[in-house]
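Please examine the sequence and the structure shown below. The briefing that follows describes selected features, grouped by topic.

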Amino acid sequence: MNTPVITDTMNKDFVLAVEGLTVSFDGFKAVNDLSFYVDENEIRVIIGPNGAGKTTVLDLICGRTKATTGSIKFKDQELTRMKEHEIVRAGVGRKFQNPSIYEDLTVFENLEISYPKGRSVVGALTFRRDAPVKERVQEIAEMIFLADQLDQRAEYLSHGQKQWLEIGMLLIQDPELLMLDEPVAGMSVSERKKTAELLHTIIKNRSVIVIEHDMKFVEDIAHKVTVLHQGKILSEGPMAKVQADPKVIEVYLGH
Amino acid sequence: MTKTGRTFFLRPQDMIGIAILAILLLVVLPLTLDNFRLQFVGKYLTYAFVALGLVLCWGYAGILSLGQGVFFGLGGYCMAMFLKLEASSVENTKIQTTPGIPDFMDWNQITQLPWFWEPFHHLGFTIIAVLVVPAIFAFVVGFAMFKRRVGGVYFAIITQALAAILTILIVGQQGYTGGINGITDLRTLNGWDIRTDSAKTILYFVCVGLLLASILLAYFVKSSKLGRILVAMRDKEDRVRFSGYDVSNFKVFVFCLAASLSAIGGAMFTLQVGFMSPSFVGIVPSIEMVIYTAVGGRLSILGAIYGTLLVNWAKTSFSESFPELWLFGLGGLFIAVVLTFPNGIAGLYQTYVAPRLGPLFGGAAKRSDATPPAPPSSGHAPAAAE
Amino acid sequence: MSSNNDNSSRFSATRRKLLMGMAALPAVPLLAQTGLLTTPAHAQAPATADVNTTGLAVTDDEVTVGILHSVTGTMAISETGSVQAEKLAIDQINAAGGVLGRKIKYIQEDGASDWPTFAEKAKKLLVQDKVAAIFGCWTSASRKAVLPVVEQYNGMLYYPTFYEGLEQSKNVIYTGQEATQQILAGLDWVQETKGGKTFYLIGSDYIWPRTSMKIARKHIEGHLKDSKVVGEEYFPLGHTQFNSVINKIKLKKPDVIYAAVVGGSNVAFYKQLKAAGIDLSKQTLLTISVTEDEIDGIGGENIAGAYSCMKYFQSLDNPNNKEFVAAFKKMWGEKTVIGDVTQAAYLGPWLWKMTVEKAGSFDIDKIAEASPGIEFTKAPEGYVKIHKNHHLWSKTRVGQAQVDGQFKVVFETPDLIEPNPFPEGYQ
Amino acid sequence: MFSDYSLAELGSIFVMQGFAGLILFSVFVLMALGLAIIFGQMGVINMAHGEFMILGAYVTYFTSQFFLNFIPSLFNIYFFVAMILAFFASGALGMFIEWAMIRRLYKRPLDTLLATWGLSLILQQVYRSVFGPREVGVELPEWMMGSLPVTDMVEVQINGLFVMGLTIAITVAVAVLMYKSNWGKQVRAVVQNRVMAGAVGINTEKVDRYTFGLGCGIAGVAGSAFTMIGSTGPTSGQLYIVDTFLVVVFGGAQSLLGTIASAFTISQAQSTMEFFLSGSTAKVLTLLSVVIILMLRPQGLFVIKVRR
């Protein structure tokens, strides 16, 4: 794959432009000279075998891991130089692989904390639980099938419900770029179905990056698929094209 | 309850709890204890300010500081400097080589009041300094460390080292600080003799008043969204960060708040006890203050007050009757609290007493409001957090 | 809290001892001088209303005093000896008939090495127990905490430790030496006999060593011929690494190392000096912070040869002391050692008794007034006298540390030295 | 300050000062090694570390008394016996404490800190009640005190050499144990993935217990060695805590190398500053610089960059 010469003007069309991204841990390059672009409203699925660097890519975009070299541009903002919370405020939301929610708080409070208002110290002290907040929380709760559990402490939710709650916590922020790390992993069949349904509604009107192993699910939603292998892009394109790529078959089935 | 939201930041059972404490401190103890014992309680209550700060800082935000004595001391020293200057009027000190400066400066050949003592001639400045100086210090320390995501054990050790450094500094710079003897022989506050029994009784009530105000403040912080963010941070710091919050700012805030609260305690200590010395700044008092919080329940605002009173009462009565056993008692308390009742008295209350009282308060103590059963497992090494 | 109503057999033993001592040494009219015999013991004790006008805890046959030292905490090590000495003195006084015909009863409180506790306990002793005198405190910090209390409630404190001076109170009798008493004569001696011209000062970093060193420096530079200070250093309390400063000492080659290191640091300092090959039999070292108590922890072999400047050593060769050491060991065990402060603490109850009898009253004001001029000839250290500034006239001695942990007294000032807590020209 | 001295004198002093720095370095390593093993491998901060050291010192004291009273002819070598006894005494106590207390607290590092502080208070009072409140003077064989003259000016402390030798020996032994032995492999496996290590048949509880015991045992040996340079009393252990913890934290806690590098840096800084400045100032400056560096570089000197 040849990297085209990119200028700033060309960047404009992309929501996210990742270029020459490399990160090394003690010499081991977990992500190696990676470049890819995500369009507005595009749904991109990243697949690849274990240890291919999928989660690391998400970590790099959301600022959890600092890149060794390379650039990540989100709507012309250089994310590699920004702090995590700044990246979030710029409009990037991220769901972790294991449900990451606040177990000591109720579902309502979980969502309320994620509500994008009162994010400074003073703001948090003076934050009022007014009607718009309550309405919005109610709306999201209904969307994620938890309207009846609002007063429940989050630790008592089932695994699937926890995943939904985390998705809800992202939705309430209304991010322009949503990143989901294995959203259906560990779910029962019925939960999985409900989740797919949920994802279909929430991915509208925003760009989404999903890491997923479930090929049926991928086929279902992906506009474009990127296959990672040993920190590099092995193949990229529509699902059908990727599936036919001999290199991909080699990696997945070759051993 | 949560769904409807609260119009006021206190829940009914909180109000009852505060009222009971207020009655105990303002009515029951003054009526039942003689002056002498009441002044003991007054002194203990100054430590309760520190314990209260630790509930917010350690219990809620998961930041264990082993250097709260630093802030207690800074507050106490600010107040002591004011009182010492008042006690060192030119007439009182006319036998000195340089009259009008504190006696220990005169002994150390200092002939002019150091510049940083000058503003402590004014009570207004002193009161502001009591609150602000420790907060600034906490801000500098907290900002440097939390921005770089130092936490847990590392933060504890570093604050402990700070306590050691400050002690060495105060002891070493005796010309400016009074050295190991501290600042002693404090007499009047704006002309009002603070050594008399009546003054001490008034100071006791002032102390209780300030403590109750601080408790209300703590409840306000706890019940605000900031309080919930602190709990959230202790649980899943990354998630809070990825919800768009600058986590370090919140930690710095709560650390500074705890510092200011401790400093109020220190200032009240100086007023009630009549002196301040480096022995309240060091490592040992700082860790002892943590145990007050732990015994009371690290997540319970009122528990911290009871914990402080209880441990100190035990200390006084133990060391009067069985001096050799006291260290066993204190050491055992540390271990027992950690091993068997990590949420302290408040935890025991929630588990055994509250369910039975529940019907009385119309089921106010709901499970969702109760103290979480497991102790927070905060304190990860920053090596992993980079 | 404990009281002394248990050891009646010990009283009589002590008393027998005293009487025997008198019989054996008829040439030294000990008891007559102390007033033991001039005050008829159990006979016509003066009426309580006459001797106690301020409501102290004095009954017709008992007077209550307080003992206030740390029994727990870091200072307990040091203060134990003082408690023992005070109890011994009280027992002996009781065995000899008490004070104004009244037995002394003591209430002991624990300062717990914590200064506010000292202040609180002092207040308790004065306000609740109404004690007639307090024997107590050890560190300067504890005394500073207690001082406002005894002044406010008009008590009387007998303070045993040698200290930095710069203090004087109607309500305190200082039975240890203030700094100039301890320091000046020792420095004169070291120059005369050892020809010391260059001095290296080293101390723990707190008020007593710093004030002492200041006085020492003024004396060395202002009063000793051609002498100078070539180094002055302070280390935090509890410091354990002295190799760097020992190297500096080796570089400067001072004639005299002048040391005021205390506590755990003391042990480290002398062990490391020895290990560094500084032979104290060749290198003169004069310390003002090592008594027999400290040698216990340092180890005699590590400090043998060093000189210590104190007013009292256990090995003092005089009949008073022999008797005192014997009585002390009989009461507290053969292995106990007696340091300077322990002896000074022993003086407290005796001085108080004599003052009360001179004043004919337990009233604090009268005692404060009667104190100056009180002489105690039976003091283990020899003759002492209370100065009008409430410190003691006393001799200063230099002892050389021996391997067995005792000192060999090599010098003693011919006259009593006047206490001078606010020394002109030394501040 | 050097203008008054000849070049030879200055040279000798610098040699000796360098040696003093090395002694301090050895002391720091010896103090910190046991703590570093426990903290690095188990994430436990052992606030009672100083008290474990003092246990070793008391064992040494009693061994010396025993030899003096019963086999004075062998007094010259009692110290070696004492060190071995100190290792086993402190190690056994450590293993008991691990079993009774620490193993319940592995997921709560801050709580271990409080619990071990409580333990340190209890141990102090035990020492006070059993051995008396006073410091005891540990008598050393004559050959261990004093110094070897190298030149006219330069003298080398024998106890310094001894501490250095001991430090090297223990460090090498620990390194071999950790990185070469089968047991070391197990320890590192448990550190990296407790569940996995358990699944492949490593008795993780046993590994924890022995690791804790090893750390405490080394503390005991350190305490034994420090009878040569410091005091032995119920509260003497507290004199070491701040220095020890800073060395470990500054080293980054993940590797032995880090601890050694950190001990080296801090000891050289302190020893140099003590030489040019006065005692207290030097101490404050050393501690402050360590704290400030830690604030700027919280991960410590050495840390393995890990992928999360």
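**Surroundings of Ile167(A)**

Leaving out neighbours within four places in sequence, Ile167(A) is in contact with Lys95(A), Ile144(A), Pro183(A), Leu198(A) and Ile202(A); two residues are in contact if their C-beta atoms, placed from the backbone, lie within 7 Å. This is a predicted model, in which local features need pLDDT of at least 70, side-chain atom pairs count only at pLDDT 80 or more, and totals for chains, interfaces and linings use all residues. Residues are numbered from 1 along each chain as its sequence is written, while chains are lettered from A and ligands numbered from 1 in the order in which they are written.

- Ile167(A) belongs to helix H7 (residues 159-171) of chain A; helices (H or I, at least four residues) and strands (E, at least two) are DSSP runs, numbered from the N terminus.
- Ile167(A) counts as buried because it has 23 C-beta neighbours inside 10 Å; the cut-offs are 20 or more other C-beta atoms within 10 Å for buried, 12 or fewer for exposed, and partly exposed in between, with C-beta atoms placed from the backbone.

**Chain C as a whole**

- Chain C has 15 helices and 15 strands.
- Of the 427 residues in chain C, 62% are buried.

**A sheet in chain C**

- In chain C, 3 strands form an open antiparallel sheet in the order E11-E12-E13; two strands pair if DSSP finds at least two bridges between them.
- Strands E11 (375-376) and E13 (392-393) of chain C each have a single partner strand, so one side of each is left without a neighbour in the sheet.
- Glu375(C) stands opposite Lys385(C) in E12(C).
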